[in-house]
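Hi there,

Here is the structure I promised to send over. My notes on it follow below.

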Amino acid sequence: MDTRVQSTAKPSAGRVTITDVAEALGVAKGTVSRALNDYPDISDATRQRIRRKAELMGYRPLAQAQAIRTGRSRAIGLVLQTDLAGAQRPFLSDFLAGVSATASDASWTLTVAMSAGGDEMLSTMERLVHERKADGFIVPRTFADDARAELLRRMNVPFVLYGRLTDIQNSAWFDILGEEAMRKAAKRLADHGHKRIAFVNGGAEYNFSHLREDGFRLGMAQSGLEVDPALVIGGAMTTEAGADAVHRIMTSPNPPTAIVFAVDMAALGAYAAAEQLGLQIGSDLSIISYDGIPECAWVRPQLTSFRVDSKMAGSKLAELLIRHVRGEDPATLRESAEATLWPGGSDGPPARTSEEIARLVAGKTLNSCEPMGGQA
């Protein structure tokens, strides 16, 4: 028995139109149009009934005509910055998959552009708006002073931050609580028995760096440990910068026995630096990081890291942006989640004291002509 639902409409030859859908349902053409374009005066039940019938009949809107009629292109804009090392890479493929899937489910599209920062970034976003290629934007990796958000506010264009800003005016966001991960990392190392713990932060231009340092400091305070200013280094977003930071920290007169990294890419640089300094990661030196990129599993011992579900984040950001474009107040579109700890072998109880590590490193550096740092 054929159980497929048969359409009662008699579509016009060729493309199915809004008129065909309206006749099939016995409703006004304007009702169908407003339902398919998410006008708030149409009930959810009516919207879903019309959407199901339109999909069954094979209705597909003409994007250009729809944009002219409604002022919307049903497109999410995302401009990726190309001139910052490692700025997008850790999350990009899964992130785009999440955004695209949610956009597709809502019959929206994703417009992705590439740009350098500064004025070029802003002009690219303006162009996408003027060409009606984006109704709103996902703004990834917020800066401490973010000109992208300022531009979109001035243009009255909806946007959702992947991160947070100090100025929350007219801002919607989704963020992973990196500061909570850093707090937990410091406490985990303290529970292992570490007393001297260093912190290697990301770039100061990013807002997340300030939040993660706050989290690290809170975890240290909760563990009854002091933060030595000499053991806090910023600006490490690459393996080379991470290796250099480890070399500087571990060759200091009173080195730590553990390091918390704000980003995985910098933490991976610790492996080469530790080998050159004669230190074994996981025993002589414990490290915990953040991002959960695939490379964490490729090093030995595997890197203990707080993992971010980038696909989920992309999906959530797309959902929030679509809701914002449809008229919801951005102040009601602010959500967060926590990263998940993935233990590796890179952290554990200290095998040596700070004094023993200092003597070991001093002996190694005196007897070696190998360059230190930057070898990732």
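Let me start with a helix pair: T239, G242, A243, V246 and H247 in α10 meet M265, A266, L268, G269, A270 and A273 in α11, where contact means heavy atoms within 4.5 Å. Helices here are DSSP runs (H or I, at least four residues) and strands likewise (E, at least two), numbered from the N terminus. The residues of this α10–α11 contact comprise seven nonpolar, four polar and no charged; Ala, Val, Leu, Ile, Met, Phe, Trp, Tyr, Cys and Pro count as nonpolar, Asp, Glu, Lys and Arg as charged, and the others, Gly among them, as polar.

Please keep in mind that this is a predicted model: local features need pLDDT of at least 70, side-chain atom pairs count only at pLDDT 80 or more, and totals for chains, interfaces and linings use all residues. Residues are numbered from 1 along each chain as its sequence is written, and side-chain values use heavy atoms, with hydrogens and water left out.

Now to helix α12 (residues 310-325). Its buried residues (under 20% relative accessible area, 1.4 Å probe, protein chains only) include L317, L320, L321 and I322, along with K316 and H324. Among the elements covering the buried residues of α12 are β1 (75-81), α5 (92-105) and β11 (334-337). After α12 comes G327, with a positive phi near 115°.

As for the whole protein chain, it has 13 helices and 12 strands, and 50% of its 376 residues are buried.

Happy browsing!
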